[in-house]
Amino acid sequence: MTQERLLTDVTGTAAGHAASPKPPKPPAASDASKASKASKASKASAAPRPPRRAVIRRVLRSLRGFVRAQPLGATALLLISIFVLAALAAPVVAPYDPIEQFRRDILEPPSARYLLGTDDLGRDVLSRAIYGARTSLLIGVLTTGISLVAGTAIGVVSGYFGRGLDLVIQRVADAVQAIPGIVLLLFIAVILGPSVRNTIIALTVVITPSFNRIARAETLRVRQEPYVEAARATGAHAVRILTRHILPNMLASVFTLGSLIFAGVIIAESALSFLGIGAPPPTPSWGLMLSEGVRYVERAPWLIIVPAIALSIAVFSFNLLGDALRDHLDPRLQRPVAQAARLWWGRRVISRLAPSLAKGAERIESSDAPAAGTGRGSATTESTR
């Protein structure tokens, strides 16, 4: 009996151990990392994405408003876009290589094979004009961009901090601007030598003080505004004040000046290339084409007409775009226009050439009308008294 009881106890305990559930194993480190990654991914997916479409719509809406308000500026922007597209797609658009020489077709007049003729070395004039746009626009974009960034940064720092730093920076700018621009440009270009890089360096040195002046003047104006004083009173750092409050309120003036200076850069580059100290041959450039075509002006006038027309249209377009941007972005120009619009001929001319200024003049007149009415009313009441 005792042996049977022992056997039943042993079997019962074994069955109990077998029936009892095993304790759960702790999760591995890989499982924990996977769970954390999954939670982070879910949070990232749940976070709102930046409204890129809204930004694109806002840009397109502002561009549409500029086109409607400034028809001449829109025309200039269209011409500039054509020049830019032609420069970017020059290998596709140009019928020939700009350096390729056709010795049997020297000084050929415009024909079906050569749409704008050939030069004294048998090179296609149309291809060289298209590639010349690439050279001129490249120098203009790099020179204007570098000068804009450097001059704006120097002017903002000088105007905001002032004191000794402002004195030193402005005296150096005065010394640079005291020398005639063309003389300084020729001096730097002759020392550095003819190349596209040296042309950009020379133009940047001459143009940067102009951006410095306008940036400093705008900084001196904006830093006195109440919102800048409030930001300074709350303990905002100087970098935050400059980047969040001062720079956004002066970009309109800086970009307007940049569009106007861009045309001057193209003219200066063409002048340097014409004198032989700009883009070296055989690099296609409008100024170099003019310099090479002067000797054959009577025999082959197309050598001068083609680059001259291209240069004139490009400069005119950038000047027109700069004027349109200034009229569109500067509200201080609205009141003189309102005074000119009161004339019988002024309203027609302004409404045709600059509709945005005409609308601003109408708003000013409507705002001045109640004030004039109140003044008349007070005068009549005083007279009755």
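Helices are DSSP runs of H or I with at least four residues, numbered from the N terminus. The legends below describe close-up views of a predicted model.

**Figure 1. Lining of the largest cavity in the predicted model.** The count comes to one cavity of 30 Å³ or more, and the volume of the largest cavity is about 70 Å³. Its lining consists of D119, D120, V125, R128, M289, E292, G293 and L303. By residue class, this lining comprises four charged, three nonpolar and one polar residue.

Figure 2. Helix α13 gives the most to the lining of the largest cavity, supplying three residues.

**Figure 3. The aromatic pair of F83 and W286.** A pair of aromatic rings is described by the distance of the centres and the angle of the planes. Six aromatic pairs are counted in the model. In one of them, F83 and W286 adopt an edge-to-face arrangement, with 6.0 Å from centre to centre and 70° between the planes. This pair links distant parts of the chain: F83 belongs to helix α4 (residues 71-88) and W286 to helix α13, the two being 203 residues apart. Both F83 and W286 are buried.

**Figure 4. The ring cluster of Y96, F102 and Y114, with R113 at F102.** Ring pairs join Y96, F102 and Y114 into a cluster. The ring of F102 also has the charged end of R113 sitting over it, 5.7 Å from the ring centre.

Notes: Residues numbered from 1 in each chain as written. Predicted model: local features only at pLDDT ≥ 70, side-chain atom pairs only at ≥ 80, totals over all residues. Heavy atoms only, no water. 1 Å grid on protein atoms, 1.4 Å probe; cavity = no way out; pocket = protein on both sides within 12 Å on 5 of 7 lines; lining within 4 Å. Points joined across faces, edges and corners; volume = space filled by probe spheres on them. Nonpolar A, V, L, I, M, F, W, Y, C, P; charged D, E, K, R; others polar. Phe/Tyr/Trp six-rings, centres within 6.5 Å; stacked < 30°, edge-to-face > 60°. Buried < 20%, exposed > 50% of the residue type's maximum accessible area, 1.4 Å probe, protein only. Lys NZ or Arg CZ within 6 Å of the ring centre and 35° of its normal.
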